[in-house]
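Biologist: Please take one part of this model and go through it closely. I would like backbone details as well as packing.

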Amino acid sequence: MEHLIPIGLNHYLTISALLLGFGLFAVMTRKNAIVVLMGVELILNAANINFLAFSKYNGGIGGVMFSLFVIVIAAAEAAIALAIVINIFKIFKSVDISSVDTMKE
Amino acid sequence: MHSLIQLSIVVLLLPLLSFVILIFFNRRLPRRGDFIGVGILGTAFAISAYIFWSVIVQTYDPAFRVAWDFTWIDLGKVPGIGPLQIKMGIVIDNLTAIMLAMVTLISLLVHLYSTGYMAGDKNYGRYFAFLGIFTFSMLGIVLSDNLFSIYIFWELVGLSSYLLIGFFFEKDSAADAQKKAFLANRVGDIGMWLGILILYSQFHTFSFEQIYANLAAGKFAMSNAWLTAAGLLLFMGCVGKSAQFPLHIWLPDAMEGPTPVSALIHAATMVAAGVYFVARIFVLLTPDALHVIAFIGAFTAFMAATIAITQNDIKRVLAYSTVSQLGYMVLGLGVGAYSAALFHLVTHAFFKACLFLGSGAIIHAMHHEQDMRWMGGLRKHMPWTFATFTLATLALAGLPLTSGFMSKDAILAGAIGFANVEGGGVYYLIPALGFFSAMLTAFYMGRQIWLVFFGESRTHLKPADNHHHGHDAHSAHGAHDDHHGAHEVHEVSWNMRAPLVILAVLSVFIVYSPNPLDGAEGWFMKMIRTPATVVGPANHNCAALPAQTTSPLMAEALPAVETHVATDAHAVSEVEHAAAKGEHAFADPRQAEIAHAAHAAHFPAIYISSIMVVLGISFAGIVFVFRIIDPDKTAEAIRPLYLFSLNKWYWDEIYQATFIKGSVLLSKILSWFDTNVIDGIVNGVAVLVRNLAFANNSFDKYVVDGLVNFTAFSVNTTGAVLRKLQTGKVQTYVALLLVVLFGYFVFYFTRLIY
């Protein structure tokens, strides 16, 4: 098992960058508002992984606390965002965000 | 304050009160308020007579003088001028007392006379108001103790004269005459004011006393020529007011005024104001200025006398006679016969007022006929007028036993004495002109008496169409009936007769002097003494003499010195002599010499002038009474001379051709300058401003507005571009955010690497 590379900081950062990439991809390409929200969650979790990885790497509890905060706020954010989506659906009869452009011009 | 000063202030203000009452309320008063004018003047005369009595009769002191003044305007220290303090004051000396009584008396008599003469005039009340303000101004001149207040009253006299000459202003000739008088006086007054300013610039005071004190102390900083100029400029005021040669043209035309006004203003008082003023400034006149004054006076006397002999209007003859007599007075002052000139002023005032009032009575009786050619034979119809007019005529001609004889001879004796002292041949011209004018005076007055009072009535000879003034009814009378016109002539009523009698009585010698041949023995010449001059050679001689006598090097100057000494010794002995006789002592040797020579010339003057007067009267008799020489044929024979005199030496035409045409031309040139140059400049500026405004407008429109619009446009355009970015699609914003972030990273890392 010695020739196997031990799991280090770079692995976590790589996972986190992939997650960020997927999240951004989802936010920018999906039309469904709920999928876009899911992309946002992915980005937040990518950030959480970064916090935890750096926390483990540096020691101390600051990163862990920060990621806990992010999880809590992400929960609140999801609640608000889903409420907005429901309202959008009520007005536009759709959750396609490309059709929600009445603020244009 | 001296009680006489208080009384004189009352006298001064009473006529003003009369003016104020009559000018505002004459229509509400019975008889248009004429009794107020007469009554107030009567009071003023009574007070003046009291002043005269206490000064002349009771005090009887040649040096009597009381003065009082107060600060009227105090401007403090004016930059560039110095202390400027204007005082008003009153001085009463013998001359003032005499003038005060004379002016108020003649004014009273003229007021009284006017109640008859002006009766029925539609502006009757206003007439008396004007007489009141005139009397006020004249008394102001008489009482003033400084140049400033005398100048104010001088102008007031000019104004009231203007109002009274143009009293019948509906007539064009009267309106023209009043303007002429006013303008001619203005010319003189400008000179007078300049003279006052020269003296003020030196001494910072207007007061006579202080100016003379400063002059006597030798504080006049400028050259003697300036002093002569100051004297002559002040004399210009007299030239205007007293109608002396260059400005005499207004006085004959002033006869357009009512005849009592002519008597009061243009014969007795206002024209005498000029002479009075020269007498007041007499002591500051340098010998050079006095020579000029003497020559102007002599020339005026002669010229006016030659004009008077051919005039046909009864008042014009008297007007030119007045100019001539004023010339005598100025001549008298010029030659240094100070008291004689003032004596003539007073005597002339009385007999000339009498003549004018008499001519007014004649004109009144003849229904406003003024032309002597159509008079005649009035002696029987108007005995009172005839008697008084004749007496005054004799006084004017200068026959013995009259006042005019004494005063005129005193002047002529002074002129002879002056010519003797000056010694030059040309100076004998002055007495020669004087004597010749005396003969002419006798001649033209003889002519007037004869034409008016003697012979048969010539009313019917008058051409009917040659009728410019007067009543239409009268011309009809003259045309159809020989005697009808003469029958209408009646003696005037008592209120016009009484002034004539009083004035005629005042023309008799006994009023002035017990000796009919010598005015110097009378109270007048004793009370009015020649004042000691404050300028001239007297002061210089005294200073120069010791230096010359002590210097041995100036041997050749000795004869001159000796004559000086002789002269002075002579003067000194003269002074002692005079002092011994209780007569006037002169401080100035030149004055003493002239007075001495004049005294010596007294009897020659009497002889020559008597011969001249007799010659003049007999010549008038030969021509007009016995008709040995026919006047009309003679006039034809010497037609150029006759026309020269009839047309008043063509002075009016000369002035018309020079000054009036000249000023019209000048005004035309100035008008051209105004329309073309001044207006051109103004219009040019206007055009310039308009063009500038257009340019400004364009700048505003294109540059300023352009900037504003460009800003708006660019904002608009930018907005339009940026609006495209506002897609409303969340993903676009995210994409943009990423691009920007990426761009930032690129920038940041590029900075890190380089």
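What follows is a close look at one helix pair, then at some loops and the chain contact.

Modeller: This is a predicted model: local features need pLDDT of at least 70, side-chain atom pairs need 80 or more, and totals for chains, interfaces and linings use all residues. Residues are numbered from 1 along each chain as written, while chains are lettered from A and ligands numbered from 1 in the order written.

Start with α12 (residues 287–308) and α13 (residues 314–334) of chain B. Helices here are DSSP runs (H or I, at least four residues), numbered from the N terminus. The two pack at an angle of about 160°, and their axes are 7 Å apart. Axes are fitted to C-alpha atoms over the stretch in contact, with angles from 0 to 180 degrees between N-to-C directions. α12(B) and α13(B) are therefore roughly antiparallel (over 145 degrees). Their contact has 18 nonpolar residues, seven polar and no charged ones. Asp, Glu, Lys and Arg count as charged; Ala, Val, Leu, Ile, Met, Phe, Trp, Tyr, Cys and Pro as nonpolar; the others as polar.

Now the loops of chain B. B:R31 sits between α1 (3–25) and α2 (34–59). Its phi is positive, about 55°, yet B:R31 is not a glycine. B:R31 has 12 C-beta neighbours inside 10 Å, so it counts as exposed (12 or fewer; buried needs 20 or more, and partly exposed lies in between).

B:A243 also has a positive phi of about 55° without being a glycine. This residue lies in the loop between α8 (224–241) and α9 (250–253) of chain B. B:A243 is buried, with 30 other C-beta atoms within 10 Å.

B:L401 belongs to the loop between α16 (383–397) and α17 (403–422) of chain B. With 14 C-beta neighbours inside 10 Å, B:L401 is partly exposed. Beyond its neighbours within four places in sequence, B:L401 is in contact with B:F509 and B:P516 (C-beta atoms, placed from the backbone, within 7 Å). B:P516 is 115 residues away in sequence, but the C-alpha atoms of B:L401 and B:P516 are 5.2 Å apart.

Across the chains, nine residues of chain A are in contact with nine of chain B. The chain A side divides into four nonpolar, two polar and three charged residues.

Finally, α3 of chain A. One of the 31 residues of α3(A) is buried, so this helix lies largely in the open. Just after α3(A), A:K93 takes a positive phi of about 55°.

How values were computed:
Angles under 35 degrees count as roughly parallel, over 145 as roughly antiparallel, 65 to 115 as roughly perpendicular and the rest as oblique. Two residues are in contact if their C-beta atoms, placed from the backbone, lie within 7 Å.
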